Amino acid sequence: MRPQKSAKSMPPVQEKMAKGRFKGRPRLKKAIAKAYSPLFGRDVDPETEVTITTGANEGMLSAFMAFIEQGDEVIIFEPFFDQYISNIEMPGGTIRYVALKPPKNGDTEVSSAGGWTLDMAELEKAISPKTKMIVINTP
């Protein structure tokens with residue numbers, strides 16, 4: 001069996017392929033920036049404002065690790081993706097839960113996500129000087 005070459009010993013083209021593009025494919029980033037620019041009413045810079053991740057969990061963990069410090073509070077709405085708990089606690093964050101209210105017939109009928117409501121008074125009560133982030137996630 002031949003030993004594999006390290007990325008340092010590979011020609012430049014192979015080195016790029018071996019290391020990958022950790023910030024995302026340039027063409028994809030440009031397409032996303034172009035699509036979102038009209039929604040934001042300004043040009044979105046694909047190099048500084050668009051990040052591609054290999055999945056939602058990696059993206060969320062990256063954001064939590066980048067912004068949360070020991071003692072910071074993060075508000076999440078219930079129901080939520082259970083991975084948030086470890087992702088928030090890993091960098092030292094504390095979770096503050098705010099429950100969304102299901103539709104009136106939610107216990108007997110299937111409903112869409114649009115039927116759930118947020119009690120703004122509960123959200124305001126959860127916010128403190130330690131609040132660093134509010135996680136807003138839609139399907």
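How many aromatic pairs does the structure hold? The structure holds five aromatic pairs, where rings of Phe, Tyr and Trp (its six-membered ring) pair if their centres lie within 6.5 Å, and where planes under 30 degrees apart count as stacked, over 60 as edge-to-face and the rest as tilted. The model shown is predicted, so that local features need pLDDT of at least 70 and side-chain atom pairs count only at pLDDT 80 or more, while totals for chains, interfaces and linings use all residues. Residues are numbered from 1 along each chain as its sequence is written, and side-chain values use heavy atoms, with hydrogens and water left out.

**View 1. The aromatic cluster around F64 and Y84.** Ring pairs link F64, F80, F81, Y84 and Y97 into a cluster. Within the pair of F64 and Y84, the ring centres are 6.1 Å apart and the planes stand at 80°, so this pair is edge-to-face. F64 lies in helix 3 and Y84 in helix 4, so the pair ties together parts that are 20 residues apart in sequence; helices here (H or I, at least four residues) and strands (E, at least two) are DSSP runs, numbered from the N terminus. F64 is buried at 1% relative accessibility, and Y84 is buried as well, with a relative accessible area of 3%. In these legends buried means under 20% relative accessible area, exposed means over 50%, and partly exposed is in between (1.4 Å probe, protein chains only).

**View 2. Strand 1 and the strands paired with it.** Five of the six residues of strand 1 (residues 73-78) are buried, so strand 1 is largely enclosed by the rest of the structure. Strand 1 pairs in the parallel sense with strand 2 (residues 94-99) over six bridges, two strands being counted as paired if DSSP finds at least two bridges between them. The chain passes from strand 1 through helix 4 (residues 83-89) to strand 2 in a right-handed β-α-β crossover, a term that applies if, with the strands pointing away from the viewer, the path from the first strand over the helix to the second runs clockwise. Strand 1 also runs parallel to strand 3 (residues 131-135), to which four bridges join it. I75 stands opposite R96 in strand 2, while I76 stands opposite V135 in strand 3. In a regular strand the side chains alternate between the two faces of the sheet.

View 3. The peptide bond from E78 to P79 is cis, with omega near 0°, and P79 lies in the loop between strand 1 and helix 4. For background, most peptide bonds are trans.

View 4. A search of the whole structure finds four salt bridges, each defined as a side-chain nitrogen of Lys or Arg within 4 Å of a carboxyl oxygen of Asp or Glu. One of them joins E73 to R96, with the closest N and O atoms 3.1 Å apart. E73 lies in strand 1 and R96 in strand 2, so this pair ties together parts that are 23 residues apart in sequence; E73 is buried, with a relative accessible area of 8%, whereas R96 is partly exposed at 32%. Another salt bridge brings together the side chains of K132 and D72 (3.1 Å, N to O). This pair links distant parts of the chain, 60 residues apart, with K132 in strand 3 and D72 in the loop between helix 3 (56-67) and strand 1. K132 counts as partly exposed at 39% relative accessibility, but D72 is buried, with a relative accessible area of 14%. The side chains of R42 and E49 also meet in a salt bridge (2.8 Å, N to O); R42 is partly exposed, with a relative accessible area of 41%, and E49 is partly exposed too, at 38%.

**View 5. A nonpolar surface patch that includes L39.** Y36, L39 and F40 form a nonpolar patch on the surface, with about 370 Å² of accessible area together. Patches are made of residues with over 30% relative accessible area and no salt bridge, like charges being joined within 9 Å and nonpolar side chains (Val, Leu, Ile, Met, Phe, Trp, Tyr) within 5 Å. Accessible areas come from the Shrake-Rupley method with a 1.4 Å probe, and for residues only the protein chains shown count as cover. L39 lies in helix 2 (residues 26-40) and counts as exposed at 66% relative accessibility.
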